[in-house]
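Please read it alongside the sequence and the structure shown here.

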Amino acid sequence: MADITLSLPDGSQRTLPDGATGADLALDIGPGLAKAALVATVDGIERDLAVPLPDGATVSIVTADSDAGLYTIRHSTAHVLAQAVLDLWPGATYAIGPPIDHGFYYDFLLPEGATFSPEDLEAIDSRMREIIALDQLFERHETDASGAMELFEGHPYKREIIEKVSEGDGGAELSGEAGASGVLSCYRNGDGFVDLCMGPHVPSTGRLGHFALQKVAGAYWRGDESQPMLQRIYGTAWASKKDLAGHLHRLIEAEKRDHRRLAVELDLVSWPESLGPGLAVWHPRGALIRKLIEDYSRERHEAGGYDFVFSPHIAKSILWETSGHLDFYADGMYPPMEMDGATYYPKPMNCPFHVTVFDSSQRSYRDLPLRYFELGAVYRYELSGAIHGLMRSRGFTQDDAHIFCTREQVPAELASLLEFTLSVLRAFGFDDFQAKLSTRPEGKAVGEDDLWEMATDGLRSALETAGLSYVVDEGGGAFYGPKIDVDVTDAIGRPWQLSTIQLDFNLPERFGLEYVGSDGERHRPVMIHRALMGSIERFFGVLLEHFAGAFPAWLAPEQVRILPVAAEHQQYAESIRSSLGDRGYRSTVVPADEPLGKRVRAGKVTKVPHILVVGDDDVANSTVGENARGADSPERDLPLDAFIERLADEVATRV
RNA sequence: GCCCGAGUAGCUCAGUUGGUCAGAGCAGGCGCCUUGUAAGCGUCAGGUCGUCGGUUCGAAUCCGACCUCGGGCUCCA
């Protein structure tokens, strides 16, 4: 029998007998690797370990250390979930079950419209662990469309996938379910369970086990509202018990940062039932933080060459007809109001108003670019199920601006705009950005080709000049122009999409906007929509979660809390408050009606950046005892002037 | 809007199979204590158990509808 020669990722070569599999190769390299091996990457394609390797192939053994390995574990765990559910619910059918970030899900349709209850998860979990204990092999089989149709008799969703795949129309949402190009593969394990699947899978169920079923949810078949609602089970799966525990711990930590919880605990915002879904009131401490955010935004825009404008909350239907919102966006708009024989709509966007400001007089190229800024409150009819605290509500305030410029000005304008955007976000403690460039969609798009090209190039070079990493969403732009979206990563690694910079070739056309060029001719300006924080309310929520409620001193509603040790130190405490106040810092004095320890604790729980304790020594020497937020131990005998200097520096540098 | 789940004092939560089950801690008021760095002591007040119906001799507890919230799906031109 001839031997085969294989190349490893490190460039070395190994010779194995013909017919050797990935598992054989792993064992040949070492027993430790054989034990850890999950799948093999053969010439760049992931394969089951049981597949014989072709001569001359480049092969790497994938373990749980890699994303691909984890992905396989999650995918295989999803199969076991389906196996357990089909065992426990005779008559149930299954749809798709892909791996996702941190885990997997699987969609089912239970007989007679039954649904999963959270208690069912325990039974499913137990059954899954039994299957894993049996260490069943995942065995791959290949067939053709008619064989597959026969195999999945009685499982309409699988058959629908088979049809789609056979037509070569699998589509991204079905990827992973079956192979391309006419060959359909499926995996069997145990004595009857089979699933349509492209694979690969771990060698056997015994390689799984560090998983947890998390929640049940409804999900439309193929994500389509007009399709039946399936029952989805979500789970998480990891390579080790430790990784699983770590993930569950992170989830608990994230829950502690939930802005809805912190907003109530810190007395910032509340959602009284009497207001209606998605509508909040801002308490003094929350409103103060919000005001500081807005003040900073205004300050930066003023310095950044923006003109401030204001616009009303409602306007007649003619405005929304001209802008096209009533054609394209009516479902998202609040219903109309009839007044004096006219129809008014609450505004879902500020842009048409800013357009009317531009259009209020004749513009020369000398006037451009014109940048109109407004903290504009808009109202959108969000589906009730989509509402989420401050992150998604039916009324919110955009830090919105519209820039009107000439075509020639577009590249420079975009470059400085992106720079400006990042600079403002950095001031709030974000320094990890990820951008997305969305380009011209196929089909109906307005604007000439060269305009699209120029604008898209402008966006791309702005990203490159800023040194921002970005992905390209080919065809992901709106019909009216390309855009950049900027995500920030928060303190616990979660991405939040905040900023958007969007070209618009449509509105200037619809409103017939013009300026007079140096050639004396009339030209159409280009319009750029942009928001840095997006929604002020949502941005506040993101900051609240990012800082876990511990706002930096420049944003903290109460920067300093002064605690006299006893009543006789009250006057000294008041004098400190007064001098801090004179310098523009926010402080309070909590009198000695309660024990010191209790007052210190109250200050810590409220996340005040600086707690000052003052007693006899301090009165005598003009010092303070400082207990800083996050400090291990208090610092005694700090000269008051030194403390003020420290605070001033902290506020000025926004740390 | 659709699927699942949850609603008990301002907050966090207990309330076994429907029968003194309307409770606790924190927060709040009052009194005592006069305090050197994360909860001093006592005492008082607070809830139509989300709302409205129904079952029952009896409902926080069982059923239905609605409202609100949560997790998903969808949506976010």
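Helix H6 (residues 156-166) lies across E10 and E11 and runs at about 40 degrees to E11. Helices (H or I, at least four residues) and strands (E, at least two) are DSSP runs, numbered from the N terminus; axes are lines fitted to C-alpha atoms, for helices over the stretch in contact, and angles run from 0 to 180 degrees between N-to-C directions. This is a predicted model, in which local features need pLDDT of at least 70, side-chain atom pairs count only at pLDDT 80 or more, and totals for chains, interfaces and linings use all residues. Residues are numbered from 1 along each chain as its sequence is written, chains are lettered from A and ligands numbered from 1 in the order in which they are written, and side-chain values use heavy atoms, with hydrogens and water left out.

The sheet is open and has 3 strands in the order E9-E10-E11, with antiparallel pairing; two strands pair if DSSP finds at least two bridges between them. Strand E9 (139-143) and strand E11 (193-196) form the edges, each pairing on one side only. From one strand to the next, the twist averages 30 degrees. E9 is joined to strand E10 (residues 184-189) by 5 bridges, and Arg140 stands opposite Tyr187 in E10. Helix H3 (residues 67-88) also packs on the sheet, touching E10 and E11 (contact means heavy atoms within 4.5 Å); the direction of H3 makes about 130 degrees with that of E11.

The two pockets are set out below. A pocket is an open set of points on a 1 Å grid over the protein atoms alone, where a 1.4 Å probe fits, with protein on both sides within 12 Å along at least five of seven lines; lining residues have an atom within 4 Å of a point. Grid points are joined across faces, edges and corners, and a volume is the space filled by probe spheres set on the points.

| Pocket | Volume | Lining residues |
|---|---|---|
| Largest pocket | about 1,100 Å³ | 37 residues |
| Second largest pocket | about 630 Å³ | 18 residues |

Met349, Arg380, Gln398, Thr500 and Gln502 lie nearest the centre of the largest pocket. Elements giving two or more residues to its lining include helix H11 (325-328) and strand E22 (395-405).

In the second largest pocket, Asp101, His102, His247, Leu251 and Arg494 are the closest to the centre. H7 gives the most to this lining, with 5 residues. Because domain 2 (68-251) and domain 3 (269-546) both give residues to the lining, the second largest pocket lies between them; the domain bounds come from an automatic or database domain assignment.
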